[in-house]
Amino acid sequence: MDGTSDRMLRFLKDKSILVTGSTGFLAKIFVEKVLRVQPNVKKLFLLVRAPDAKSASHRLHDEVTGKKVFGVLRQQYEKGFSAFVSEKISPVAGDIACENLGIEDRDLRELLCREVDVVLNVAATTNFFERYDVALKANVLGAKHALDFAKRCEKLQLFLHVSTAYVCGSRGGLILEERLRMGESLNGAPGLDVDAEVRLVEETLEELRSGESTEKTEKVSMKELGMKRARFFGWPNTYVFTKALGEMMIGQQRGDTPVVIIRPTIITSTHREPFPGWVEGTRTIDSLVIGYAEGNLACFLGDLSLTVDVIPGDMVVNAMIIAMEVHANQRSEFIYHVGSSVSNPLTYARLKDYGYRYFLENPRVGKDGKIIKTRDILLFTTITSFRRYMALRYWLPLEGLRLVNAALCGVFSQLYDRLSRKYKFVMHLVDLYEPYAFFKGCFDDLNLVRLRAAAGDDHGGGGLFDFDPKSIDWNHYFSTVHFPGVVKYVLK
């Protein structure tokens, strides 16, 4: 075992770590990794959104330890797995959107404040087009509540917050690992204030409910308000806007608390641990992968010469653990981009080629039992040319089909519905991903290079806590790891 690994294992030994967002993809990789490499960790307290301890315990089993990512550990401990998990993991019923993390049991709160060494805040809603009220509670107020709780922990060595590299918005060039300051919008628009945004949401909801709006109307209004406010201040969507506000909140209120902010880029399936290719849910680029694999994505837009910044989930977790050890008890704020665009850049052209070759060799079978033919995707380099093509190729024929279908009493309803779903699917993806299809930035990772040096990691990757993207062969990763993982664990 190398010196870096030995240091990390010594750090994790006898630690008590509070993890928010514990049912999410990244948190599960973290929990599994810690239990597998350091079984002498003292306790992992996993905050689970639940009304009581019994419900939290059920969610823990169903949505965390019962998942396939724990298969290696389960095989290692065999019949002793449940006892080991019960000893090392304590589910905590609560809600990050509430003060005190929604933990109603006073004795439990006091226990956590006495025992916890590290607070790891992974909780977030990652939906680009989330309701604004939901996103504010999870990504902004949730960050505040997690920090407030961490500051009350008597033994606290570190508060680690997982953000996203895309808090930078749509800026191009080399994006530095710099703090976001409260009130500074990306486009210079004045008036950026968290309290004002919370009041705006409350007033809008009150107005909607006084007008007896339906649940659907309220949902649509909240989603549209989030996008409107994000774009007013220069961010492309509600998700990255509220994550930026969350960072601002932490920077403003941390005091002298030791803080690390991890900004991953696009997180993909595991590279090596606990096994290659594990993924859960539809990650960012996997919406495109799935649409392409199922024959619903014949065209898209973007610049093939640009870089797509992806990073496997296990490498993000390794960077988190090393940052914990290096910065424990350092009463400052440290920010890290965890990505690949500088160290090992991958272009959209190569990603497109990997996808075409993989699904050509491994075609999908549709619900009708027929093989879905793999076609090379038609790519447009401007939004204008794309919308013109979609209008002529899909929207106008759909309108014609709708009129004919109505005249013939619904004879073509199934055909219309199928084509309409394909059209709406592509247009929805384009609306969400257009800012990233032409994203010309790359994420400076000099702090991450220094982190590796501080940890003594000079062996060029491949160790127990490897997070060096230079060690990734992208062709091998996508062709034999990520695409098969998406097929196995997402498409099933």
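Please keep in mind throughout that the model is predicted.

Let me begin with strand S4, residues 118–121, where Val-118 and Leu-120 point one way while Val-119 and Asn-121 point the other way, and all of these residues are buried. S4 has a partner in strand S1, residues 16–20, and the two pair in the parallel sense over four bridges, with Ile-17 standing opposite Val-118. S4 also pairs with strand S5, residues 158–162, again in the parallel sense and over four bridges, and here Val-119 is the residue that stands opposite Phe-159. If you follow the chain from S4 through helix H7, residues 132–151, and on to S5, you trace a β-α-β unit, and this unit is right-handed.

Now to helix H12, which covers residues 313–327. H12 has 15 residues and reaches 21 Å from its first C-alpha to its last, which is close to the 21 Å expected at 1.5 Å a residue. How many of the residues of H12 are buried? The count is 15 of the 15, so H12 is largely enclosed by the rest of the structure. Just after H12 comes Asn-329, which takes a positive phi of about 70°.

Let me finish at the surface, where Leu-174, Leu-176 and Val-342 form a nonpolar patch that has, for the three together, about 240 Å² of accessible area. Of these residues, Leu-174 is found in strand S6, residues 173–175.

Technical notes. Residues numbered from 1 in each chain as written. Predicted model: local features only at pLDDT ≥ 70, side-chain atom pairs only at ≥ 80, totals over all residues. Heavy atoms only, no water. Patch = residues over 30% accessible without salt bridge, like charges linked within 9 Å, V, L, I, M, F, W, Y side chains within 5 Å. Areas by Shrake-Rupley, 256 points an atom, 1.4 Å probe, with all protein chains shown as cover. Salt bridge = Lys/Arg side-chain N within 4 Å of Asp/Glu carboxyl O. Buried < 20%, exposed > 50% of the residue type's maximum accessible area, 1.4 Å probe, protein only. Pairing = 2+ DSSP bridges. Right-handed = clockwise from strand over helix to strand, strands pointing away. Expected span 1.5 Å × (residues − 1).
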